[in-house]
Amino acid sequence: MIVAAAPSPLWYLSRGTGAVTLVLLTATVVLGIGGTLRWRPAAGLPRFVIDGLHRNLSLLVVVLLAAHVLTAVLDPFAHLRALDAVVPLASAYRPLWLGLGALALDLLIALVVTSLVRARLGLRAWRAVHWVAYACWPVALLHGLGAGTDASTRWLQALTTFCAVAVAVAVATRLVRSPGASVALRAGGLGLVAATLAAGTAFAVQGPLQPGWARHAGTPTALLGSASSTRPATTAQRGTAAARAITLPFAASLAGRARERRIATGAELRVLARIAIPGAPLHLDMRLLGRPLDSGGLEMSSSRVSLRPDGAAAPYRGQIVALHGGRVEARLTAPGARPIRLRIALRIDASGAVTGTAGAQELLE
């Protein structure tokens, strides 16, 4: 049934390690704040157990962050360099948001190095660096929202919300229980926490959760599928109803079903999927025909691809021009419109469910 492999495993590893790192970093921050309050989760539990958990979680964060950075650099999609991982704003891919990730990494490196030489550095200098390292958490959170490809998914929204609320509650508790703090100082601190949460929510709603964030975040036009980032959208929307209904370039997730069947000339794999462009979803119908393989799947000999917006009678039609595992490239045309290049990265599981991403650009021919 499966003829196309999944997108690069490095892509999944980078996303997964990034999400888990955020959760563990959140736990580390909460435990660190709790440590200043002499907090213990259970009566009779020694303090050294909490301190050891905090220390071990911190080390695990470093390990997972290293895995996150390594998989992101090795993944061929964004063409990141090792330099991009440590020098803020050096990346051509979403420079600000990747730069925040680089800054978070630098802060953690500073914390690890100063902890190793703590005896020589002195307690006061080490403590100052340690407090600065707490800035790693909000920086990492913004990095995940701005640079991550899953920001619009519900599971990551729930995860991010949980992390933000956990840290906010810990900070608020620290302010309320701070000995010697005046009422005005506590009220001001709590107000700042609430304002920060509100500002973060507003940023997420108006930024990463909005259509077109990939372009606004600084994704290179080549990865968006754009021939020119300054081309007015109207040049990609003239011609037939299908052409007018598709705004180019686009990059979005897709989901659907795949079915394989035997035909007189061999086998056919048909993929029917919906490309989730907010407000203007597209319907993909892709057929691959060829010789069935003993190991499963087929060796493609011909193909047919159509892309149709909701309500459009005349879809773009064409065929696959490149196929490499789960990465597909097709050239499609519609009457009265320029041809487009459609790039798809998909995964077909054993049940026939299809998931992945799709992007398209107008071809200048």
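Student: Which residue in β3 is the bridge partner of Arg-270?

Tutor: Arg-287. This is a predicted model, where local features need pLDDT of at least 70 and side-chain atom pairs pLDDT 80 or more, while totals for chains, interfaces and linings use all residues. Residues count from 1 along each chain as its sequence is written, and side-chain values use heavy atoms, without hydrogens or water.

Student: What makes β2 and β3 a pair?

Tutor: Two strands pair if DSSP finds at least two bridges between them. Nine bridges join β2 (residues 266-275) to β3 (residues 282-292), so they pair. They run antiparallel. Strands here are DSSP runs (E, at least two residues), and helices are too (H or I, at least four), numbered from the N terminus.

Student: Which strands form the closed barrel?

Tutor: Eight strands, in the order β1-β2-β3-β4-β5-β6-β7-β8, with antiparallel pairing. From one strand to the next, the twist averages 30° (axes are lines fitted to C-alpha atoms, for helices over the stretch in contact; angles run from 0 to 180 degrees between N-to-C directions).

Student: Why is Leu-98 called buried?

Tutor: Buried means under 20% relative accessible area, exposed over 50%, partly exposed in between (1.4 Å probe, protein chains only). Leu-98 has 13%, so it is buried. Leu-98 sits in helix α4 (residues 95-116).

Student: What does Leu-98 touch, beyond its neighbours within four places in sequence?

Tutor: Leu-80, Ser-91, Tyr-93, His-143 and Ala-147. Contact means heavy atoms within 4.5 Å. Leu-98 and His-143 are 45 residues apart along the chain, yet their C-alpha atoms are separated by 6.5 Å.

Student: Why is α7 said to be largely enclosed by the rest of the structure?

Tutor: Nine of its 12 residues are buried, so α7 is largely enclosed. Among them are Trp-137, His-143 and Ala-147.

Student: What makes a space a cavity?

Tutor: On a 1 Å grid over the protein atoms alone, a 1.4 Å probe fits there but cannot get out. Three cavities of 30 Å³ or more turn up.

Student: How much space lies in the largest cavity, and which residues are closest to its centre?

Tutor: About 800 Å³, the space filled by probe spheres set on grid points joined across faces, edges and corners. Of its 42 lining residues, the closest to the centre are Ser-14, His-68, His-143, Ala-147 and Gly-148. Lining residues have an atom within 4 Å of a point. The largest share, eight residues, comes from α1.

Notes:
On a 1 Å grid over the protein atoms alone, a cavity is a set of points where a 1.4 Å probe fits but cannot get out, and a pocket is an open set with protein on both sides within 12 Å along at least five of seven lines; lining residues have an atom within 4 Å of a point.
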